[in-house]
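Subject: Structure handover

Hello,

Here is the structure for you to look over. My notes on it follow below.

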Amino acid sequence: MATIKDVALQAGVSVTTVSHVVNDTRHVSAKVRERVELAIRELGYVPNAMARSLKSNTTSTLGMLIPNSSNPYFAEIVRIVEDRCFGAGYTLVLCNTDDEPRRQSVYLQVLAERRIDGLIVVSTGADEDDSLATQLRGLRIPTVLVDREIADPACDLVETAHMQGGLLAVRHLLSLGHKRIACIGGPTGVTSSEQRIEGWRMALAETGSAPNADALLWRGGFTSQGGYEAMHAILRTEQKPSAVFVCNDLMAIGALRAAHESGVRVPDELSIVGFDDIELSAYTSPPLTTVAQPKERIGALAVDMLLERMGGKRRDARKVVLQPELRVRASTARHAGFREAGVTPATSTAATTATSATSSKSRTS
C-alpha cells in the first residue's frame, strides 16, 4: 500500500506539501497540486482517515443502529437516512443489533472508537433501556432516537404516534361493522408495539365491543413467521374474530398466508389491517390495508436534528411525534352482517370510497 512518502517522492515534493494538498490546509500552486493529485491516483494512495480526524476532531461519519435488517420498514428508513447523510457530506456506518441488547452495547462501543460525529438509534426494546441510556450518556455522542423511546432526556427523538395509528386501524374496522377484532402485537416490552396495542384497546373500549380485550391478543414478534403462527392460532379458536389488527406489515404478510392456507378468504371472511405501509404491502394478495408511517419525514428529520446538535445550533433535546395515516386497500371490507342488512355507517363512507377506488384501480391495472 502506497504511503504519503511514496506520493511525495513521485511528485517531487515534500511530505508536508502532500499533506497540505490532501487536507487542504494551505495554499499550493495549481501546478504542484496537479502533480500531487496525479501521483495519488497513479499510486492508489488512501489518506489515513483516523489521522485526519485527530487533527480536525471530526470524521464526517455518522453511525446508525437498527434492530432487524431483514425488516423492510427499517431497510426503507436506512435508505432515506443514508441519502440524507450523503447529501450533507457524511458517510453512514450501519450496525444491525438483531434485537440483542449485548450486541447493541458492543456496536455502540465500536462506533464510539471509530470517533463517529453523531448517532441514530432504533433500540432493541424496553427491557434494557436503562443500560442503553447509561451507555449513551457515557459516550457523549449527539444521538437521535427513532421509532422507540428510552428514558434518556438528553437524546432527541422522532417517532410516529403509534397509539393514534392503532386507533385509526381499529376505528376503520369498527366502521365496517366488525365487533370481534383480534390483535397480533409485537414483542412484549417494545414501546412502539405496546402503544399500538393500547390504541387497539382504546378503540374497542369506545364501543364496548370487547370488555375482555386481552383474550383477543396474540404476539407475533414483528416477524412474518410470528404473524403466520399467530394467525393460525387465531383461526383455531372456537369464536373466530371477523377482523384482525396486526401491529406491523411483516406480521400481516405472514397472517395473510396463514389465512390463505386455512381457506379463509380475505376480506370476505376476514379483514386484516397492518402497520408501517412498507412498499411490499401494496403488492400482497389482496393488497394490504395498513397504517402508514411517514418514513420520508422520519428519516430526514432524524438526520437534520442530529446535524443541528452536532453543529451546536441547539442544546436542548427535541421530541417530534408525527401523525400516521390510514391506507385503505383491498384487505378490509364490511362485515357480512352489514352487507346482508345493507347498513352503511356514516363513519365508514370515506373508508368505503377509498376501498372501492383501490379495488377499481386494481381491476383496471
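Helix H8 covers residues 162-175, 14 residues in total, and spans 20 Å from first to last C-alpha, close to the 20 Å expected at 1.5 Å a residue (the expected span being 1.5 Å times one less than the number of residues). Helices (H or I, at least four residues) and strands (E, at least two) are DSSP runs numbered from the N terminus. Because 10 of its 14 residues are buried, H8 is largely enclosed by the rest of the structure; buried means under 20% relative accessible area, exposed over 50%, and partly exposed in between, with a 1.4 Å probe and protein chains only. The buried residues include His162, Gly165, Gly166 and Leu167. Just after H8, glycine 177 has a positive phi of about 95°.

This is a predicted model: local features need pLDDT of at least 70 and side-chain atom pairs count only at pLDDT 80 or more, while totals for chains, interfaces and linings use all residues. Residues are numbered from 1 along each chain as its sequence is written, and side-chain values use heavy atoms, with hydrogens and water left out.

Overall, the protein has 14 helices and 12 strands, and 51% of its 365 residues count as buried.

There are 23 salt bridges, each defined as a side-chain nitrogen of Lys or Arg within 4 Å of a carboxyl oxygen of Asp or Glu.

- Aspartate 304 pairs with arginine 84, with closest N and O atoms 2.7 Å apart. This pair links helix H12 (residues 295-310), which holds aspartate 304, to helix H5 (residues 72-87), which holds arginine 84, across 220 residues. Aspartate 304 is partly exposed at 28% relative accessibility, and arginine 84 is partly exposed at 39%.
- Aspartate 156 pairs with arginine 309, with closest N and O atoms 2.8 Å apart. Aspartate 156 is in strand S5 (residues 156-160) and arginine 309 in helix H12, 153 residues apart. Aspartate 156 is buried, at 0% relative accessible area.
- Glutamate 325 pairs with arginine 327, with closest N and O atoms 2.9 Å apart. Salt bridges with shared partners also join Asp156, Glu308, Arg309 and Arg314 into one network.

Aspartate 117 sits in the loop between helix H6 (101-113) and strand S3 (118-121). What is the nearest side chain of opposite charge to aspartate 117? Arginine 115, 7.2 Å away, so by the salt-bridge cut-off of 4 Å aspartate 117, though buried, has no salt bridge. Lys and Arg count as positive here and Asp and Glu as negative; His and the chain ends are not counted. A polar atom of the aspartate 117 side chain does lie 2.7 Å from the backbone nitrogen of serine 60.

Regards

Conventions:
A polar contact is a pair of N or O atoms within 3.5 Å; within protein, one must be able to donate a hydrogen and the other to accept it, and residues adjacent in sequence count only if both atoms are side-chain atoms.
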